[in-house]
Amino acid sequence: MSPELGRFALALACVFALAQAILPIWGARRRDRRLMAIAPGLAIGQLIALLASFLCLVNAAVTNDFSVSNILENSSVTKPLLYKISGVWGNHEGSVLLWTLILGLCGAAVAAFGRNLPSALRARVIGVLGGVAAGFELFCLITSDPFDRVWPAPLDGQGMNPLLQDPGLAFHPPILYTGYVGFAVPFAFAIAALMEGRVDAAWGRWVRPWAVAAWAFLTCGIALGSWWSYYVLGWGGYWFWDPVENASLIPWLSGTALMHSAIVVEKREALKIWTVLLAIGTFSFSLSGTFLVRSGILNSVHAFAQDPARGIFILALLGVVIGGSLALFAWRAPSLTTGGLFAPVSREGSLVLNNILLCSICAVVLTGTMYPPFMSLLFGKTISVGKPFFDAATIPLAIPLFIFMGFGPMLPWKRAQLWPVMKRLWVAALATLAAFAVTMIGLSGLLPILCATLAVWVITSSLTDLAGRLGLFRVSLGQSFQRAKSLPRSAFGAGLAHIGVGVSVLGLAVMSQAQHKIVEVHVGQSEQLAGYEWTLTGVRNVPGPNYTAMEATIEIRHDGHLVTVMHPSKRSFNTQNQTTTEVSIHTNGLADLYGVIGDKHGPDDNPTYVLRLHYNPLAPWMWFGALIMAMGGALSLSDRRMRVGAPRRAVASDVVAAE
Amino acid sequence: MNSEEVSPGDDRKSVTRRRLLLGVPMVGAGVCGVAFWKMLSGMQAGSFNPHDINAPVTGRPVPDFTLPDQPPGTGFAAADLKALTAPVLVNFFASWCIPCIAEMEALLALQKHLPIWGIAYKDKIENATGLLKHAGNPYSRIGSDRNGRVAIDWGVSGVPESFLIAPGGLIVWHSAAGLDNSEVRDGLNAALKAVGGR
Amino acid sequence: MNRLLRTGLAGAMVVLLSAPVVALAVDDPSEMLSDPKQESRAEAIGAQLRCLVCQNESIEDSGATLARDLRTVVREHVAKGESNQQVIDWMVARYGNFIRLSPPVTVATLLLWGMPVLALIMGLVAAALAFRRRRSGPAPLSEAEQTRLKELSDGH
């Protein structure tokens with residue numbers, strides 16, 4: 001398991017990937033069955049080689065092999081095992097390797113689950129994935145070699161940034177990358193379809209589960225990252241509109257649009273060209289987002305090794321992948337026929353509107369993120385685009401989206417009338433009005449009131465839709481149960497995901513009312529915040545594995561009853577001469593009590609301590625909603641009809657025709 | 001099911017028109033790609049820095065301030081700069097700032113033909129004095145900006161920063177990078193030539 | 001290359017130096033104004049101003065020393081009774097528009113501020129055009145198709 005073996009395995013994976021990119025696609029062109037048939041084997045071979053390479057790096061990290069410069073720069077002997085492993089992807093080189101590994105995993109997944117795909121389509125999809133993977137393996141080998149050695153090897157490493165030493169951050173990158181990279185599969189399907197010159201209902205059905213899976217992972221990844229900054233950075237912030245965050249939000253928005261437009265392709269064979277473009281665009285955003293952030297062009301708080309020389313290589317790679325696929329799109333997409341007709345007011349029409357709004361938000365975020373470097377390049381002026389802009393520019397576009405989320409899923413296909421649907425939504429409308437009244441009293445600020453009200457609207461209308469499908473309150477419970485069993489799970493999944501959006505938005509809206517207080521207190525002193533009495537009862541020093549911590553004990557009382565005792569602490573790391581704050585959070589599901597200990601002041605015999613106390617109403621709902629969204633995605637994936645191994649093309653089109 | 005292939009009877013012109021329309025994303029991506037390439041190559045050459053803060057102070061008279069002494073130098077005020085008849089370089093530094101220490105050698109070489117006035121930014125008097133004793137003192141006069149408020153009036157965001165003051169007290173050139181950088185020195189020399197210095 | 005390396009090192013140093021303070025933003029209660037109304041106004045102004053050294057946070061969120069100084073300045077000006085715009089203008093005079101997290105509407109930022117409306121209109125117009133083209137019904141039969149149709153009907 002030496003680093004050299006790892007590098008060799010990486011090179012081997014690159015050879016597999018190149019073969020995977022060339023032979024099956026050539027085979028598909030020549031209709032050579034044998035060449036097409038080797039695609040799955042190559043994809044699995046590539047995955048095994050990548051896995052071996054990755055394990056070599058993990059092994060080097062776990063065994064403290066500081067002769068590997070990547071380990072030397074990011075690890076140390078005293079670091080706990082979990083972080084030795086997670087540290088592998090906590091730096092540029094390792095994270096690119098992880099990225100590539102997940103891409104290999106996607107290729108192997110298509111090979112394994114795609115047995116029912118027509119062999120030419122499967123060969124092309126796997127081939128495209130191989131081509132992209134080969135590019136990134138070359139990038140790894142040439143400019144970001146994770147196995148680079150140093151001589152002589154020092155006894156101890158330089159350690160990892162303590163901020164990264166956190167369980168949330170250990171799992172955030174793999175999940176996020178799975179989301180990013182997962183969109184490579186819809187992308188590969190889009191390219192394969194352009195090569196074949198054929199997009200039909202079956203194609204939509206094959207693409208959708210991959211898009212849903214990637215979307216669910218991306219949702220979890222973004223939520224996890226946001227939750228990490230909430231409890232690690234220590235001032236209750238959860239979203240900063242930082243370029244790195246935007247880089248994940250942009251593909252999420254276009255991926256959400258893709259997920260919805262693929263439904264139209266599957267059910268009605270319409271929006272084909274648009275869906276293909278979204279599939280290409282989403283993966284292009286994933287690619288350029290992850291890598292432009294590392295080039296140093298974008299101003300970001302996220303510190304990654306920034307190197308323009310690497311940037312040039314990445315840019316060339318992006319040029320080939322994105323430029324090539326868009327050129328293919330411009331050349332081949334015009335020959336795709338337009339599909340089923342539908343009226344503007346219909347399920348299809350509502351999905352078109354969903355796409356317009358999501359893509360507008362996406363365009364705003366993209367423009368806002370890219371504006372500063374472009375201004376700097378074109379006019380030599382530096383400007384900043386931050387939270388106030390993004391809040392002002394995106395929320396007005398999100399509001400109509402939430403309004404139409406209530407109607408859309410209830411509209412029939414092809415041609416619909418609004419009035420019958422509105423009549424069915426009277427309960428939801430009443431609930432929304434009630435919510436409006438409550439929020440008018442409870443919340444301050446127009447936007448929070450509006451968003452909270454609309455969140456209730458989204459939740460109640462989604463529930464109405466599900467209840468309507470089950471016939472609740474119209475037929476007997478037994479019959480409803482029968483209907484529930486026969487109702488496709490994807491319908492439940494969609495409803496659940498919409499409810500998740502509502503829950504998140506409600507959390508965001510109410511969280512805007514958070515209260516906080518910064519105080520300097522002696523031990524024994526109490527402070528009042530949001531109806532709670534916070535008392536600092538003691539501070540002690542606690543040794544940790546590679547740090548020492550100053551730990552406070554804060555008792556929180558409400559009406560004299562003890563609610564909780566929290567232990568926020570401040571860690572001083574020996575290796576890096578750094579300190580981090582460990583927030584303590586007590587949640588009851590409706591609100592977070594959030595305590596942070598800051599500096600110690602004054603004489604040692606009677607010191608004072610700075611405390612930050614926060615009351616964050618509905619904060620957990622923001623992430624809980626994201627979890628519900630991802631669960632909705634998972635539920636959809638478990639649908640028999642959404643299985644990745646979808647029925648054959650001919651059969652699939654028959655089913656669609658019958659619907 | 002309708003055929004996916006374009007039938008030969010289809011209007012050729014309309015396909016070309018659609019190709020042009022659907023080529024728009026490619027053109028957009030291409031433009032972005034060229035721009036990114038320019039940015040990256042500019043960053044490598046040092047001509048483009050997206051992290052630069054272009055200070056609006058250049059072209060304006062020096063802001064009003066009075067600074068107490070920072071031994072071994074004597075403090076100065078805006079009026080002193082305005083009364084000058086030859087260009088002078090104002091340099092913000094601090095003993096806790098590693099790039100400032102790296103810059104000292106270049107400043108010592110520079111002060112032979114351009115007077116440099118220093119401002120110790122958020123530094124303890126004794127620490128700044130210690131630094132100048134240790135690394136050499138390139139400054140003709142030194143003021144102490146203990147709380148960093150004068151630096152804010154100059155638009156300083158982080159030390160080291162240098163400003164070239166033309167006779168009469170006009171700020172004509174500014175750099176947020178250290179003068180140990182040869183390109184920064186070239187920029188300074190060009191600005192100096194423009195105001196009639198050597 | 002050497003220069004690049006040095007810039008990189010300096011960058012790494014900045015990150016290392018700023019990391020401890022990143023962890024905690026406002027950490028000194030004495031900074032805050034005693035009047036809660038003024039304090040909340042100062043916080044609102046501060047949220048509009050960028051911490052210049054940490055690149056992507058507002059001065060209210062940042063623990064960097066410069067951000068702390070700027071927070072103090074904002075509070076002094078607020079206590080003097082200056083309007084939000086006056087305080088922001090004071091900052092822009094020193095640090096340029098870079099300090100504003102929400103850039104002013106100028107010719108150069110027209111595209112940025114116009115994007116929400118522009119994107120929406122473009123999407124709606126594209127959809128409307130597509131609908132109109134579809135509604136005009138399927139394209140008339142081509143000559144070849146007409147002959148074929150004739151053949152078929154003649155066959156009966």
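In chain C, the UniProt annotation "transmembrane region", from an unreviewed entry, covers residues 110-131; UniProt positions follow the numbering used here, feature names are shortened, and annotations may be inferred rather than shown by experiment. Over residues 110-131 of chain C the chain is 100% helix and 0% strand, with the end C-alpha atoms 30 Å apart. Helices (H or I, at least four residues) and strands (E, at least two) are DSSP runs, numbered from the N terminus. The model is predicted: local features need pLDDT of at least 70 and side-chain atom pairs count only at pLDDT 80 or more, whereas totals for chains, interfaces and linings use all residues. Residues are numbered from 1 along each chain as its sequence is written, and chains are lettered from A and ligands numbered from 1 in the order in which they are written.

Chain C touches chain A through a contact that takes 39 residues from chain C and 48 residues from chain A; two residues are in contact if their C-beta atoms, placed from the backbone, lie within 7 Å. On the chain A side, the elements that give two or more residues are α14 (347-379), α15 (387-407), β1 (515-521), β7 (578-582) and β9 (591-601) of chain A. The largest share, 11 residues, comes from α14(A). By class, this side of chain A has 27 nonpolar, 16 polar and five charged residues. Here Ala, Val, Leu, Ile, Met, Phe, Trp, Tyr, Cys and Pro count as nonpolar, Asp, Glu, Lys and Arg as charged, and the others, Gly among them, as polar.

Chain A itself is divided by the domain assignment into domain 1 (3-333 + 343-392 + 623-658), domain 2 (403-513) and domain 3 (515-620); such bounds come from an automatic or database domain assignment. The C-alpha centres of domain 2 of chain A and domain 3 of chain A lie 39 Å apart. The contact between these two domains takes five residues from domain 2 of chain A and four residues from domain 3 of chain A. On the domain 2 side, the residues divide into three nonpolar, two polar and no charged. UniProt also places the feature "domain: Cytochrome c assembly protein", from an unreviewed entry, at residues 89-295 of chain A. That span of chain A is 76% helix and 0% strand, and its end C-alpha atoms lie 18 Å apart.

Chain B has seven helices and five strands, and its C-alpha trace spans about 90 × 35 × 30 Å along its principal axes. Its radius of gyration is 26 Å, whereas a compact globule of 198 residues would have one near 16 Å; the radius is taken over C-alpha atoms, and the globule rule is 2.2 Å times the number of residues to the power 0.38. In chain B, the UniProt annotation "transmembrane region" (unreviewed entry) covers residues 20-40, a span that is 95% helix and 0% strand.

The strands of chain B form an open sheet of five strands in the order β3-β2-β1-β4-β5, with mixed pairing; two strands pair if DSSP finds at least two bridges between them. Strands β3 (141-145) and β5 (170-175) of chain B stand at the edges, each with a single partner strand, so one side of each is left without a neighbour in the sheet. Within the sheet, β1 (residues 88-93) and β2 (residues 116-121) of chain B pair in the parallel sense over five bridges, and Val90(B) stands opposite Trp117(B) in β2(B). Helix α7 (residues 182-194) of chain B lies across β4 (161-166) and β5 of chain B, running at about 165 degrees to β5(B). Axes are lines fitted to C-alpha atoms, for helices over the stretch in contact, and angles run from 0 to 180 degrees between N-to-C directions.
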